[in-house]
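Please look over the structure below before reading on.

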Amino acid sequence: MDASRIASPVTGAAGRFLAGAGLLLRGLGLYVRSPGLMLLGIVPALISGVLFVAALATLVYFVDDLAALVTPFADDWSSTPRSLVRVIAGLAFLGLGGLLAVVSFTAVTLVIGDPFYEKISERVEERYGGTPGAVEVPFWSSLRRSLADSVRLVALAALVGIPLFAAGFIPVLGQTVVPVIGAAVGGWFLAVELVGAPFYRRGTRLPQRRTILKADRPTALGFGVAVFLCFLIPFGAVLVMPAAVAGATLLARRSLGQPIDES
């Protein structure tokens with residue numbers, strides 16, 4: 001599949017969604033062809049990966065207890081319906097945990113690896129003509145802004161995740177439609193989070209970048225959902241994170257009408 005062709009300007013929501021996914025493929029291509037970028041990006045992702053694998057393992061270990069805790073009404077039911085409702089509750093907990101883990105993993109990794117991912121994003125921009133309207137942002141100021149925006153995005157993801165968690169109790173719908181909605185929601189938050197570095201470089205904060213991405217939501221969703229699905233694969237988040245940062249830089253440039261083709 002030609003990632004460059006997928007990520008070229010297209011019309012139609014479905015085509016733009018695929019174009020967004022193609023930006024991740026292009027980011028992966030830049031990442032694979034640049035060993036220096038690989039080394040820069042893997043270390044912070046690996047640190048975060050260890051922390052989040054431990055957290056998810058803890059959730060899996062206690063998920064039966066949590067399912068019983070939120071379904072006390074089923075204590076007096078017969079064995080089969082009680083087990084069924086608690087399996088559904090356990091899946092809902094795992095779904096909510098997965099959504100929050102993917103979004104918060106990205107936020108934490110970007111904070112831990114801020115200088116590394118900033119360098120990756122800068123190198124991608126240099127490859128495509130530099131950063132128009134770049135502003136000088138002190139490291140600590142950039143880190144504080146990144147941390148504050150990340151906390152807000154994770155909190156918002158949690159608020160959105162609670163209704164999805166509740167919907168996860170609905171038989172069939174909760175195990176089919178809700179995960180798709182969760183992937184779309186998680187993908188949107190990831191897209192907004194990952195484009196932080198190139199937008200900060202232009203002096204643009206979270207509300208503005210959210211507005212800019214909304215102008216071409218299908219492309220942002222295509223990119224974000226592709227990243228979200230990769231992050232669900234064991235160790236996928238660690239390996240794909242630097243490529244996601246590179247692809248997000250392309251997404252930011254595209255959203256701002258700046259070239260993403262090498263001259």
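G41 is buried, because its relative accessible area is 0% and buried means under 20%. The model is a predicted one.

**G41 and its surroundings**
- G41 belongs to helix α3, which spans residues 35–69.
- Apart from neighbours within four places in sequence, G41 touches Y117, I120 and P242.
- Between the C-alpha atoms of G41 and V245 there are 8.9 Å, although the two residues are 204 residues apart along the chain.

**T219 in helix α10**
- T219 sits in helix α10, residues 217–232.
- T219 counts as buried because its relative accessibility is 1%.
- Leaving out neighbours within four places in sequence, the contacts of T219 are R16, F17, G20, L23, L251 and R254.

**One side of helix α9**
- In helix α9 (residues 206–214), the buried residues are L206, R209 and L213.
- These residues cover an arc of only 65° around the axis, so they lie on the same side of α9.
- An α-helix has 3.6 residues a turn, so residues three or four places apart point the same way.

**Aromatic rings**
- The whole structure holds four aromatic pairs.
- One of them is the edge-to-face pair of F52 and F105, with 5.8 Å centre to centre and 80° between the planes.
- This pair links distant parts of the chain, since F52 is in helix α3 and F105 is in helix α4 (residues 79–112), 53 residues apart.
- F52 and F105 are both buried.
- F52, F105 and F231 are linked into a cluster by ring pairs.

**Arginines over rings**
- R209 lies over the face of Y200, 5.4 Å from the ring centre.
- R217 lies over the face of W188, 4.7 Å from the ring centre.

Methods
Residues are numbered from 1 along each chain as its sequence is written. This is a predicted model: local features need pLDDT of at least 70, side-chain atom pairs count only at pLDDT 80 or more; totals for chains, interfaces and linings use all residues. Side-chain values use heavy atoms; hydrogens and water are left out. Helices (H or I, at least four residues) and strands (E, at least two) are DSSP runs, numbered from the N terminus. Buried means under 20% relative accessible area, exposed over 50%, partly exposed in between (1.4 Å probe, protein chains only). Contact means heavy atoms within 4.5 Å. The arc is that of the directions from the helix axis to the C-beta atoms. Rings of Phe, Tyr and Trp (its six-membered ring) pair if their centres lie within 6.5 Å; planes under 30 degrees apart count as stacked, over 60 as edge-to-face and the rest as tilted. A charge sits over a ring if NZ of Lys or CZ of Arg is within 6 Å of the ring centre and within 35 degrees of the ring normal.
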